[in-house]
Amino acid sequence: MEFNKKATNITKGLAILLLLFNHLFTCPPPGILENSKINFLIFKGFNLSIFISEASNICVSIFVILSAFGLSKFFSKKYKEISGQKYWLYFRYRYIKLISGFIFIFILFHILGALFFNYNYTIYGENLIHIIPAVIFDITGTSNLFSTISYNPTWWYMSIAIVVMFIVPFFYELYKKVSIGIIPIIFIAILIFNIKYGVYIFCCAFGVMASETNFFEIIKKKIIFNKKVLSKVIKIFLYVGTTIISFIFIGGPFSTVARCSGAVAIILFSYEFIYEIPFINKIFEFYGKHSANIFFTHTFIYLFWFKEFIYSFKSSLLIFLILSLVMLIISIAIELTKKVTLYNKLLNIIYNKLNFKTF
């Protein structure tokens with residue numbers, strides 16, 4: 001079975017929930033965990049909540065692999081090869097599609113901040129010479145790329161998404177020349193040149209390779225010892241074990257490979273098991289469809305505007321469930337607001353002018 005849009009959304013749903021758990025207990029508002037006296041999941045003295053939270057940091061690598069996978073499929077089917085005009089058409093299409101959703105959130109949450117939440121007008125600087133370029137970098141999703149101020153720290157991922165979008169066609173061409181040799185080549189290049197976003201560029205290379213080799217489909221079909229049930233059990237242990245082991249190596253000399261390996265194991269687990277569970281897969285798929293909105297807005301809720309409310313539920317599991325539900329509701333509200341304000345119609349007009357596919 002093809003690793004299709006449904007499989008991608010299910011895995012994105014899992015990744016965004018991991019991100020929420022990670023940020024809640026690894027990047028909480030200062031002092032709130034101590035002051036709120038949170039009840040964590042403790043197993044024989046081991047804080048399972050904090051362990052899962054720290055391990056969930058791997059979620060960004062999952063998003064990068066999935067993005068590179070999808071972009072590589074898109075590029076190989078529509079453009080086949082790099083040329084000046086083809087590359088420009090590809091990048092223009094993908095960037096406008098990406099930024100159109102982000103700009104709406106950017107404007108909406110600046111307005112909400114100004115109206116209701118003591119918006120800090122000096123965050124971009126004290127004078128127009130600093131404010132104007134900072135706002136331009138932020139609204140175009142490049143603030144982290146150029147090390148400028150952002151209204152929301154989580155928006156750093158936009159820079160990653162743009163970099164991935166930029167390099168996928170080149171990695172696709174490299175893969176056609178060296179096949180799976182792209183993995184060691186990119187790994188060595190990252191080590192030698194100390195490339196910015198090195199971990200995610202490596203994950204990008206893996207995503208391209210996985211797309212062109214049907215890696216996820218091949219692994220899912222693989223039956224160990226010719227015993228289907230036994231094979232499933234072994235694979236569960238392999239995927240979970242790989243994720244845990246990768247977490248141990250994060251931060252060391254093999255951190256790049258560890259993050260990518262852990263992310264791949266989670267993607268495979270999602271594709272092979274969550275994908276096949278009725279109803280549960282629909283929940284994760286629904287979260288996946290809203291993952292971008294949740295990614296770019298959750299920091300406002302748990303870290304800035306409603307931190308006392310979110311952490312008032314005391315239990316780490318309940319806090320996570322409440323934030324997950326709140327963010328899903330907010331994302332649905334954002335999509336409804338787009339319709340009410342005719343934003344989607346405006347995008348359709350722009351897309352038609354540019355010969356893009358409409359909603």
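In this predicted model, a nonpolar surface patch covers about 710 Å². The patch is made by Ile236, Val240, Ile244, Ile245, Ile248, Phe249, Phe254 and Val257. Ile248, one of these patch residues, lies in helix α11. Its relative accessibility is 62%. Ile248 therefore counts as exposed, since the cut-off for that class is over 50%.

Ser61 sits in helix α4, which spans residues 59–78. Its relative accessibility is 1%. Ser61 therefore counts as buried, as the limit for that class is under 20%. Beyond residues up to four places away in sequence, Ser61 touches Val199, Tyr200, Cys203, Arg259 and Ala263.

Helix packing was examined for α1 and α13. Helix α1 comprises residues 5–26, and helix α13 comprises residues 280–289. The two helices pack at an angle of about 80 degrees. Their axes lie 6 Å apart. The angle makes α1 roughly perpendicular to α13, because the range for that class is 65 to 115 degrees. On the α1 side, the contact is made by Lys6, Asn9, Ile10, Lys12, Gly13, Leu14, Ile16 and Leu17. Helix α13 contributes Asn281, Phe284, Glu285, Tyr287, Gly288 and Lys289.

Key. Residues are numbered from 1 along each chain as its sequence is written. This is a predicted model: local features need pLDDT of at least 70, side-chain atom pairs count only at pLDDT 80 or more; totals for chains, interfaces and linings use all residues. Side-chain values use heavy atoms; hydrogens and water are left out. Helices (H or I, at least four residues) and strands (E, at least two) are DSSP runs, numbered from the N terminus. Buried means under 20% relative accessible area, exposed over 50%, partly exposed in between (1.4 Å probe, protein chains only). Contact means heavy atoms within 4.5 Å. Patches are made of residues with over 30% relative accessible area and no salt bridge: like charges are joined within 9 Å, nonpolar side chains (Val, Leu, Ile, Met, Phe, Trp, Tyr) within 5 Å. Accessible areas come from the Shrake-Rupley method with a 1.4 Å probe; for residues, only the protein chains shown count as cover. A salt bridge is a side-chain nitrogen of Lys or Arg within 4 Å of a carboxyl oxygen of Asp or Glu. Axes are lines fitted to C-alpha atoms, for helices over the stretch in contact, and angles run from 0 to 180 degrees between N-to-C directions. Angles under 35 degrees count as roughly parallel, over 145 as roughly antiparallel, 65 to 115 as roughly perpendicular and the rest as oblique.
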